[in-house]
Amino acid sequence: MSGPILLSPPDVGELEQEFVLRAMRSGWVAPAGPDLMAFEEEVAARVGVQHAVGLSSGTAALHLALASWGVGPGDVVPVSTLTFAATVNAIRYVGAEPYFVDCDEESGNMSPRLLRAALDDLSGSSRRVPAVVPVDMLGKPVDYGSLVEIAAEFGVRLLCDAAESFGATWRGRPAGSFGDASVISFNGNKIMTTSGGGMLLTNDEHLARHVRKLSTQAREPVLHYEHVEVGYNYRLSNILAALGRAQLARLDEMLSRRRRWRELYLELVESLPGVRVLGGKDDSEDNCWLTAIVVDPSVASMTADDLGAALRQCDIETRPVWKPMHLQPVSEGLQGMLDGTAERLFRHGLTLPSGSAMSEDQFSRVLSELRSAMS
Ligand SMILES: *Cc1c(COP(=O)(O)O)cnc(C)c1O
């Protein structure tokens, strides 16, 4: 029962070892190979899209979608401010300017109302707005009904950052299947992992083909090395795809474990005044990647910071929710449509251990330490 309890460590075992060994023994150690093709097909089938391109990271997938669409200097790209830096970095890699959009209080997801206000505002300027990048915060899909409609109305593409929401659905349709393209991540802390990796998902055959080409140094299909555009070395390796296939076979089992933690956290929080689970209302379709609580210090007995410190004392890892990107020093000078919600969630939010590898005993320890810290 001792030892540190982490937020979301990788959950791998014998099946993963077997798949990786088999890939190595097959001789397909070099970049591409049959496991990569199969992994792409299996993920595409799971999400219900026509094309999946396996890449070295979710960040690479975001980058290449924007690059393939020709997003570049002078363009403005509205993006969730409450997100991990990777979402915003990809916009900057292509030389475009991120424009930060604040979120809904309940979920932390991009506010459709503020996105509309942002697009209204930007349409009065001379700058082009080629795409919008919403993020499925901690595994809760954004309000795709509204966002798809708004994007269509303003004629902008929707690049959905579903890095955290693989396995979730929105009105029965899988996360990763919305908009013009979606991105998922197989980083080590995500719901399933290839140790590092990501995928671009889309029904747009041209985009999938182009991203695949850009990810392999943009070689033209001739024998000698011929290049007419700048490429990248972003392809997922066959060995890592083998690991991904084993994880995918276990995805439902891992999802149900995270859901179990979510339900127990929800139950506990009911007895803690001033504490709620972020996005905990209507979460039946979420993948419950990370459970975060929001602590109202004017009602609760302590702040989110104090609570995090108390748990750290017991070797239980916690972390504040994303520091909004508009507050980051690296974002100095950038604009947005902001109302203070993301900042409030950052100040009062705390993510809790949610990994599928956590044992029942470890989870009981988290619950009892939480209960005693709050009493
Ligand atoms: C993890 C994550 C990414 C980046 O994925 P990598 O595979 O680590 O590059 C992008 N966006 C969000 C919201 C993430 O959580």
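Q: What counts as a disulfide here, and how many does the structure hold?
A: A disulfide is a pair of cysteine sulfur atoms within 2.5 Å. The structure holds zero of them.

Q: What kind of model is it, and which pLDDT limits apply?
A: This is a predicted model, in which local features need pLDDT of at least 70 and side-chain atom pairs count only at pLDDT 80 or more, while totals for chains, interfaces and linings use all residues. Residues are numbered from 1 along each chain as its sequence is written, and side-chain values use heavy atoms, with hydrogens and water left out.

Q: Is Cys160 buried or exposed?
A: Cys160 is buried, at 0% relative accessibility. Buried means under 20% relative accessible area, exposed over 50%, and partly exposed in between, with a 1.4 Å probe and protein chains only. Cys314 is partly exposed, at 23%.

Q: On to the ligand. Which residues come nearest?
A: Thr59, Asp161, Glu164, Ser185 and Lys190, out of 15 residues around the ligand. A residue is near a molecule or strand if one of its heavy atoms lies within 4 Å of it.

Q: How much of the ligand does the protein bury?
A: The protein buries 93% of the 380 Å² that the ligand exposes when taken alone. Accessible areas come from the Shrake-Rupley method with a 1.4 Å probe, and for residues only the protein chains shown count as cover.

Q: What is the shell made of, by class?
A: Four nonpolar, eight polar and three charged residues. Ala, Val, Leu, Ile, Met, Phe, Trp, Tyr, Cys and Pro count as nonpolar, Asp, Glu, Lys and Arg as charged, and the others, Gly among them, as polar.

Q: Which helices each supply at least two residues of that shell?
A: Helix 3 (58–68) and helix 4 (85–93). Helices (H or I, at least four residues) and strands (E, at least two) are DSSP runs, numbered from the N terminus.

Q: Which residues of helix 4 are buried, and what covers them?
A: Ala86, Thr87, Val88, Ala90 and Ile91 are buried. Their cover includes helix 3, strand 2 (76–80), strand 3 (97–101) and strand 5 (157–161). Just after helix 4, Gly95 has a positive phi of about 90 degrees.

Q: What does the Arg235 side chain pair with?
A: Glu40, through a side-chain polar contact of 2.7 Å. A polar contact is a pair of N or O atoms within 3.5 Å; within protein, one must be able to donate a hydrogen and the other to accept it, and residues adjacent in sequence count only if both atoms are side-chain atoms.

Q: And Asp143, what is in contact with it?
A: Pro112 and Trp170, leaving aside neighbours within four places in sequence. Contact means heavy atoms within 4.5 Å. Asp143 is partly exposed, at 31%.
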